Amino acid sequence: MAPARTLAIAGAGIGGLTAALALNRIGYRIILFEREAHLTETGAGLQLSPNASRILIDLGLEQRLSAAAVAPDAISIINARSGQETVRIPLGEKIRARHGAPYWLLHRPDLQAALLAQVEATPGIELRLGWQFDDASNDTNGVTVTQRRSMSRRQDHVQALIGADGAWSAVRRQVFPEVRAQFSGRIAWRGMIDATRVPDGFDRRRVQLRMGSDAHLVAYPMAGAGHVNLVAIVNDQWRRPGWNEIGDPTEIVRHFAAWHGGARAMIEAVTNWRKWALFEVPGGAFAKDHIVMLGDAAHAMLPFAAQGAAMAIEDAAVLARCIKAQPDDLPAAFRNYESLRRGRITRVQRTSRRNGQIYHLKGAPRIARDRTMQLLGGARLLARQDWLYGWRA
């Protein structure tokens, strides 16, 4: 028999940490194991819209996160060549009033640190660093999970295993070998602009989205030291797996040589670039017997709706709700979770792909896009996101 009310989670990223907290809250002992010996998130920024921030607030993280977050006033959409603002979408108090939760900009390590601190302070969650997934074997009472560290092995017989080990998930590779990450034909470059190098004219109250032919550039402020997070998306066939490849600054400068001087100044202000190839797991892999997936392990998506972390956080909340409703039949709870998540995930993935196409338009379609945005105005563009930002677990 599996130990009563014990679950294992593979992967201590944002999704795994959130799931540990959400599932412990409904009365489960959690074994959370992670292949890295130290949790050292890369220094990228992320955007958390109200559909995700409200879940983290409900888990007791508001004080920790609000101190580390920026709540921007607006998203400013800018023409890449002219440098002129096309439209401004309101955020700040307007989005909090509309959806009951904030829109936050966070340094990814700050979010992980807040989740980790909460996990370490929570009785009933055992965190095992340096242990990676090796094997899982289902039976009628649960699943035997094997982990390894160098030459050592350990096994736990638990009620269920949750795969939260990212886009290149080892759990998914065993349970859903037919589901593979697919390359999108685009890569993302990311860098931080030091506070002393931020170009004049950058508004620290706003997110900037600059849209150009076959590329776009996103910049937004980070709390604390005054850094600015910069992400550049370009078409490219370089497709090495991973998240932290060193990028050659001369290469990214060439990509944006024809852009407005303000954009070029921001790119040139970054001293250390990292790049990663953008992959998707379209369709998703969710549940089989006593094993269930969440976050990028289930449905990695393109970042053009700023929802990758948010969907992992949503997954954790919905999974906890489904398990709470059917604690005596976890495979049925997992099927319900899949039913509840598949349609929304498909829509968000489709929206992300479409946004990427819209951002990169050129010629007459680009002119029509900009004119349509101007006619709609920022308030109506924000209202079009109600289905996304207004979601509740």
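Reply: Let's start with a definition: a residue is called buried when its relative accessible area is under 20%, exposed when it is over 50%, and partly exposed in between. Keep in mind that this is a predicted model.

Me: Okay, let me try that out. Is Ser 150 buried or exposed?

Reply: Ser 150 has a relative accessible area of 63%, and over 50% counts as exposed, so Ser 150 is exposed. You'll find Ser 150 in the loop between strand S9 (142–149) and strand S10 (152–158). There's something else to look at in its backbone: Ser 150 has a positive phi of about 55°, although it is not a glycine.

Me: Where is Asp 289, then?

Reply: Asp 289 sits in the loop between strand S18 (287–288) and strand S19 (291–293). Its phi is positive too, about 55°, and Asp 289 is not a glycine. As for accessibility, Asp 289 comes out at 44%, so it counts as partly exposed.

Me: Let's go to a helix. Which helix holds Ala 269?

Reply: Ala 269 belongs to helix H8, which covers residues 261–269. Its relative accessibility is 5%, so Ala 269 counts as buried.

Me: And what is Ala 269 in contact with, leaving aside its neighbours within four places in sequence?

Reply: Ala 269 is in contact with Ile 193 and Arg 197.

Me: Now the rings. How many aromatic pairs does a search of the whole structure find?

Reply: The search finds six aromatic pairs. To read one, look at the distance between ring centres and the angle between planes, where over 60 degrees counts as edge-to-face. Take Tyr 103 and Tyr 389: their centres are 6.0 Å apart and their planes are at 80°, so the pair is edge-to-face. This pair links distant parts of the chain, 286 residues apart. Tyr 103 is in the loop between helix H4 (92–99) and strand S6 (104–107), and Tyr 389 is in helix H13 (residues 386–389).

Me: Are Tyr 103 and Tyr 389 buried or exposed?

Reply: Both Tyr 103 and Tyr 389 are buried. Another edge-to-face pair is Phe 256 with Trp 259, at 4.6 Å centre to centre and 75° between the planes. Phe 256 is buried, with a relative accessible area of 1%. Trp 259 is buried as well, at 7%.

Me: Which residues do ring pairs link into a cluster?

Reply: Trp 168, Phe 183 and Phe 279 are linked into a cluster by ring pairs.

Me: What about charges that lie over a ring? Where does Arg 5 lie?

Reply: Arg 5 lies over the face of Tyr 28, 4.1 Å from the ring centre. There's also Lys 275, over the face of Trp 238 at 4.4 Å from the ring centre.

Me: Are Lys 275 and Glu 251 buried or exposed?

Reply: Lys 275 counts as buried because its relative accessibility is 9%. Glu 251 has 19%, which is under 20%, so Glu 251 counts as buried too.

Me: Which residue forms a salt bridge with Asp 315?

Reply: That's Arg 341, with the closest N and O atoms 2.7 Å apart. Asp 315 lies in helix H10 (residues 308–325) and Arg 341 in helix H11 (residues 330–359), so this pair ties together parts 26 residues apart in sequence. Asp 315 counts as buried, at 0% relative accessibility, and Arg 341 counts as buried at 1%.

Me: What do the side chains of Asp 370 and Arg 369 meet in?

Reply: They meet in a salt bridge, at 2.9 Å, N to O. Asp 370 is buried at 8% relative accessibility, and Arg 369 is buried at 8%.

Me: And which residues are linked in a network of salt bridges?

Reply: Look for Arg 29, Glu 126, Arg 128 and Asp 156, which are linked in such a network.

Technical notes
Residues numbered from 1 in each chain as written. Predicted model: local features only at pLDDT ≥ 70, side-chain atom pairs only at ≥ 80, totals over all residues. Heavy atoms only, no water. Helix = DSSP H or I, 4+ residues; strand = E, 2+ residues; numbered from the N terminus. Buried < 20%, exposed > 50% of the residue type's maximum accessible area, 1.4 Å probe, protein only. Contact = heavy atoms within 4.5 Å. Phe/Tyr/Trp six-rings, centres within 6.5 Å; stacked < 30°, edge-to-face > 60°. Lys NZ or Arg CZ within 6 Å of the ring centre and 35° of its normal. Salt bridge = Lys/Arg side-chain N within 4 Å of Asp/Glu carboxyl O.
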